[in-house]
Amino acid sequence: MANPIDTLIIGGGLSGLTVAHFLQKYKPGAKISILEKASSPGGAIRSFQHDGYLAEWGAHGFLDNVEASRELLIDTGLDKEAQKAPLDDFVRYICLNGKLNLIPQNPRKIIKSNLVSLPAKLRVLGDLWKKPHPEEQTVAAWAAYRFGASLLPFVDAVLTGTYAGDLNRLSIDAVFPGIRALELEKGSVIRGLLQKRKAAKEKQQAGPKKKLPAMISFPQGMGRLPEVLATDKDLLCSTAVVSIHKNEGGWEARTKDKSYQANSLVLALSVNLSLALLQNASGLTGEGAPLPAIPEARIVTIAMGFGETAKIPFGFGYLAPEQEKRFALGALFSTHMFPGRAPKGHVLLEALVGGRRHPEKLALDDDILVQQTYDDLKQLINLPDPPVFTQVLRPRHGIPQLEIGYPKLLAWRNRLVAENRGLHVCGFGWEGIGINDMTKSAKQIAAAISAGGAAKGEADVKGVYF
Ligand SMILES: Cc1cc2nc3c(=O)[nH]c(=O)nc-3n(C[C@H](O)[C@H](O)[C@H](O)COP(=O)(O)OP(=O)(O)OC[C@H]3O[C@@H](n4cnc5c(N)ncnc54)[C@H](O)[C@@H]3O)c2cc1C
């Protein structure tokens with residue numbers, strides 16, 4: 001073959017671009033190609049600019065507390081462009097009983113705050129002697145058993161803000177595998193976290209107090225990240241892979257009119273798109289997937305610009321748990337978080353509607369969505385005048401929902417890549433859904449390819465932030 005490909009990556013979203021980035025770093029000179037179905041890279045990350053407003057179709061930012069993402073920023077020089085909104089300086093609100101309440105970023109401080117009643121505070125300590133149940137559970141059942149049902153609105157808000165999901169369906173084992181492992185190992189989450197903290201303190205000795213992470217974006221929006229990552233890559237856009245095959249020479253990917261042969265193949269796609277290709281692949285060793293597909297939650301973003309009469313409280317935004325029965329899941333106070341996203345004298349709010357529990361709202365016309373969102377928000381925020389700018393953004397990408405049964409699918413994926421040398425599977429949903437989850441597993445895959453093995457992920461205890 002004239003130009004054999006060392007690694008062929010399917011998908012030019014953040015995951016595929018990050019695998020390529022780290023591979024270029026670890027194996028300079030290796031031939032790495034990316035095939036991307038859409039006409040431009042970036043996948044679920046895409047920014048919207050119009051009339052001086054800057055909003056996001058997908059991700060609004062990511063926390064600077066994961067090494068792989070920090071390395072990516074430094075390698076590309078994007079660390080110098082990044083805008084930071086430190087969690088230490090910003091507050092978040094939770095909507096309870098029809099009002100916005102300031103919520104501390106730290107779960108311990110939430111429990112200490114007057115948002116939680118005294119009996120509920122005492123019940124949280126029940127975690128210390130509740131025997132762990134090893135079988136898979138929903139987040140709601142698990143959290144109610146360990147900490148008491150009074151905390152569920154707060155857990156709901158966290159999962160609304162990340163998964164746009166339903167805590168009665170999401171699996172604790174899939175969503176917080178690190179916390180679950182700690183619980184099973186130490187017999188209690190609180191005990192496990194205290195021991196971890198003590199060990200970390202001993203390691204750091206008398207170092208400076210650790211700050212909370214900061215939210216990162218860019219003056220041009222999150223779209224800047226894939227734009228920069230794509231610049232020095234062999235990336236073919238408008239090229240959809242229709243099937244993959246394992247053969248004697250390694251791996252083959254076919255598009256409608258062409259075939260690509262490579263030593264290693266990386267599927268950097270959302271869970272359902274990888275499953276579709278894997279289910280129709282030929283030559284693979286191992287059993288079929290335990291699930292044909294997983295649910296996805298779709299949201300719609302309603303970007304609204306307001307003039308000087310709008311009085312938006314300081315902070316990142318708010319989240320509304322389901323029990324509040326509000327129209328919007330929450331809203332980001334975008335111009336507070338990242339100034340410069342609206343013309344001078346104006347502010348931008350981005351409200352999120354729909355999610356796993358309210359897909360019916362996605363069918364509403366744009367003008368109804370705008371009106372109902374404004375009606376909802378003005379009961380919570382001082383917005384005496386209607387928006388002067390509105391834009392309804394309907395992302396193509398759904399958010400994979402890691403619900404009950406998902407850990408079996410992940411275990412199957414791990415067996416599959418272990419049994420089929422040269423095959424690697426990462427992307428939206430596989431090891432979590434956030435940008436930091438993507439960069440971390442993409443980096444592990446690049447390291448595994450350059451070492452000639454399969455990536456092994458570890459379940460981290462992730463911080464829980466609103
Ligand atoms: C509405 C929304 C809001 C979000 N907000 C946040 C946030 O605030 N913070 C955060 O950290 N994360 C957020 N995320 C998640 C974040 O955007 C994802 O983790 C990340 O973008 C996933 O990247 P990926 O490359 O794995 O997948 P994708 O972005 O899905 O990229 C996969 C790529 O593969 C391409 N492709 C698909 N099929 C084929 C094929 N057959 N052949 C070739 N190419 C193919 C697609 O076109 C796409 O470009 C959000 C996601 C959504 C949808």
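## Basis of the model

Residue numbers start from 1 in each chain and follow the sequence as written. Because the model is predicted, local features need pLDDT of at least 70 and side-chain atom pairs count only at pLDDT 80 or more, while totals for chains, interfaces and linings use all residues.

## Domains

The protein chain is divided into domain 1 (5–43 + 224–293 + 403–451), domain 2 (47–88 + 295–400) and domain 3 (107–203); these bounds come from an automatic or database domain assignment.

The centres of domain 2 and domain 3, taken over C-alpha atoms, are separated by 27 Å. To their contact, domain 2 contributes 14 residues and domain 3 nine residues, two residues being in contact if their C-beta atoms, placed from the backbone, lie within 7 Å. The side of domain 2 that touches domain 3 comprises seven nonpolar, four polar and three charged residues. In this classification Ala, Val, Leu, Ile, Met, Phe, Trp, Tyr, Cys and Pro count as nonpolar, Asp, Glu, Lys and Arg as charged, and the others, Gly among them, as polar.

## Surroundings of the ligand

The ligand is surrounded by 35 residues, of which the closest are Gly-11, Gly-13, Ser-15, Gly-43 and Ala-59; a residue is near a molecule if its C-beta atom, placed from the backbone, lies within 6 Å of it. Two or more residues of this shell come from each of helix H1 (14–26) and helix H15 (435–451). Helices are DSSP runs (H or I, at least four residues), numbered from the N terminus. H1 gives the most to the shell, with three residues.

Domain 1 and domain 2 each supply at least three residues to the shell around the ligand. By class, the shell holds 20 nonpolar, 13 polar and two charged residues.

## Helix H15 and its partners

The axes of H1 and H15 come within 8 Å and cross at roughly 40 degrees. Axes are lines fitted to C-alpha atoms, for helices over the stretch in contact, and angles run from 0 to 180 degrees between N-to-C directions. H1 and H15 are therefore oblique to each other, since angles under 35 degrees count as roughly parallel, over 145 as roughly antiparallel, 65 to 115 as roughly perpendicular and the rest as oblique. Residues of H1 in this contact include Leu-14, Ser-15 and Phe-22, and those of H15 include Ile-435, Met-438 and Lys-443. The contact of H1 with H15 contains twelve nonpolar, four polar and one charged residue.

Helix H2 (residues 67–76) also meets H15, with axes that come within 7 Å and cross at roughly 80 degrees. H2 and H15 are therefore roughly perpendicular to each other. Ala-68, Ser-69 and Leu-72 of H2 make the contact with Ile-435, Asn-436, Thr-439, Lys-440 and Lys-443 of H15. Three of these residues are nonpolar, three polar and two charged.

## Helices H5 and H6

Helix H5 (residues 139–147) and helix H6 (residues 152–163) have axes that come within 10 Å and cross at roughly 145 degrees. Val-139, Ala-140, Ala-143 and Ala-144 of H5 meet Leu-152, Val-155 and Leu-159 of H6. The contact of H5 with H6 consists of seven nonpolar residues, with no polar and no charged ones.
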